[in-house]
Amino acid sequence: MQLNEYMSGSIRNIMAKAYRNVLTNPREAKFAYKMQRLFEKSEKRRRQIRETDGIDVPPFLISSIATTCNLHCKGCYARSIGIANDSASDSKPTLSPEQWRTIFDEAASLGVNFSLLAGGEPMMRRDILEQAAEVKEMIFPIFTNGTLIGPNNISLLREHLNLVPVISIEGTASNTDDRRGQGVFKRALMSMEMLKSEQLFFGTSITVTTENLQHVTSRQFVEQLQSYGCKIVFYVEYVPIEPGTEHLAFGDEHVKQMETIMEELRTQYDDIIFLSFPGDEKELGGCLASGRGFFHIGPDGSAEPCPFSPFSDSNVAQIGVRGALQSPLFRKIRAAHALGWEHTGGCTLYEHREEIEQMAI
Ligand code: SF4
């Protein structure tokens with residue numbers, strides 16, 4: 001099966017499951033039904049562009065909209081590569097809310113379904129969230145540390161159901177506080193309770209390692225998330241950015257194990273959507289970066305293959321999403337079949353970062 005058909009099929013399944021899970025909530029059900037119809041149109045749009053212009057439009061984007069964060073998590077990737085800082089003045093110039101709106105409007109017109117919003121802490125950029133919310137054809141999962149969701153912004157999430165909070169935790173309360181700071185787990189839980197009491201659709205993202213794999217996929221833990229009201233669980237495989245932590249990253253056997261576990265969880269829990277990133281790249285014929293399944297837009301608009309491959313030779317604010325999909329770097333990566341390069345475990349492009357950096361020059 002062609003990758004684009006496979007991904008469109010997966011999105012149809014995700015949306016069907018989301019719709020089934022909110023049937024008891026008329027407002028969310030109406031929204032999910034509307035999005036299913038819109039996604040059918042965008043799927044046709046992507047196919048049409050592929051057939052007429054030979055351009056593969058990915059259904060996903062990852063947009064790092066925030067360059068500040070209120071936390072100092074151990075091993076923070078965004079801080080390690082200078083995306084996140086304590087104050088905006090410490091960061092590179094960033095796109096304006098209007099520039100992000102232009103990008104999201106174009107993405108929607110090309111048939112992109114989702115843009116994951118990341119950073120830094122995206123809840124610190126309400127001005128950009130408000131712009132994204134107005135792009136009704138797309139859904140924006142907000143990857144947040146969950147400590148800033150409160151009375152001042154719950155109305156924004158209540159009003160715009162296409163903004164979907166995905167709260168990051170590290171598994172248990174102690175693991176979370178150990179990495180993210182004392183009291184962070186309790187505060188994140190408060191946000192989950194608030195979202196649940198508002199009957200809003202939300203989820204969680206968990207960095208999965210060789211050490212916590214069993215626990216964070218266990219029945220006991222998943223049912224805890226279920227009781228918190230989580231409707232979607234993103235497992236993000238650990239990328240060993242800190243020297244000496246390579247043992248925490250998945251090897252091929254863990255990737256296989258994870259795929260099996262994911263199938264079991266999807267069968268066992270009909271009321272939760274389970275996703276793993278990057279998932280079994282080998283099964284998918286290689287990595288999904290560089291526009292194959294998604295690409296990353298940096299806070300300054302730089303078009304990058306993936307957050308874990310922060311190299312770029314073009315800017316989306318200047319050449320647009322369609323232009324970025326045909327950037328020299330993305331073309332070189334595709335031509336070199338770099339997305340299928342040999343690698344152990346999780347992330348191809350991170351493992352071959354020197355070669356990709358050379359291609360961007
Ligand atoms: S919340 Fe995210 S961006 Fe902020 S310090 Fe933690 S890992 Fe980094």
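Is Asp105 buried or partly exposed? In this predicted model, Asp105 is partly exposed, its relative accessible area being 34%. The side chain of Asp105 meets that of Arg101 in a salt bridge with an N to O distance of 3.2 Å. Both residues belong to helix H4 (residues 97–110), where they stand 4 residues apart, about one turn of the helix. Arg101 is likewise partly exposed, with a relative accessible area of 25%.

The search of the whole structure returned 17 salt bridges. Within helix H2, Glu43 and Arg47 are separated by about one helical turn because they are 4 residues apart, and they form a salt bridge whose closest N and O atoms are 3.2 Å apart. Glu43 is buried at a relative accessible area of 10%, whereas Arg47 is partly exposed at 27%. A further salt bridge, at 2.7 Å from N to O, links the side chains of Asp178 and Lys74. Asp178 is located in helix H7 (residues 173–180) and Lys74 in the loop between strand E1 (60–64) and helix H3 (77–80), so this pair ties together parts that are 104 residues apart in sequence. Lys74 is partly exposed, with 47% relative accessibility.

On the surface, a patch of positive charge is formed by Arg27, Lys30, Lys34 and Lys136. Arg27 lies in helix H2 (residues 26–53) and is partly exposed, with a relative accessible area of 42%. Arg125, by contrast, is buried at 17% relative accessible area. Arg125 occupies the loop between strand E2 (114–118) and helix H5 (126–133), and, not counting residues up to four places away in sequence, Arg125 touches Ile65, Ala66, Thr94 and Pro97.

Conventions: Residues numbered from 1 in each chain as written. Predicted model: local features only at pLDDT ≥ 70, side-chain atom pairs only at ≥ 80, totals over all residues. Heavy atoms only, no water. Patch = residues over 30% accessible without salt bridge, like charges linked within 9 Å, V, L, I, M, F, W, Y side chains within 5 Å. Areas by Shrake-Rupley, 256 points an atom, 1.4 Å probe, with all protein chains shown as cover. Salt bridge = Lys/Arg side-chain N within 4 Å of Asp/Glu carboxyl O. Lys, Arg positive; Asp, Glu negative; His and termini not counted. Charge placed at Lys NZ, Arg CZ, Asp CG, Glu CD. Helix = DSSP H or I, 4+ residues; strand = E, 2+ residues; numbered from the N terminus. Buried < 20%, exposed > 50% of the residue type's maximum accessible area, 1.4 Å probe, protein only. Contact = heavy atoms within 4.5 Å.
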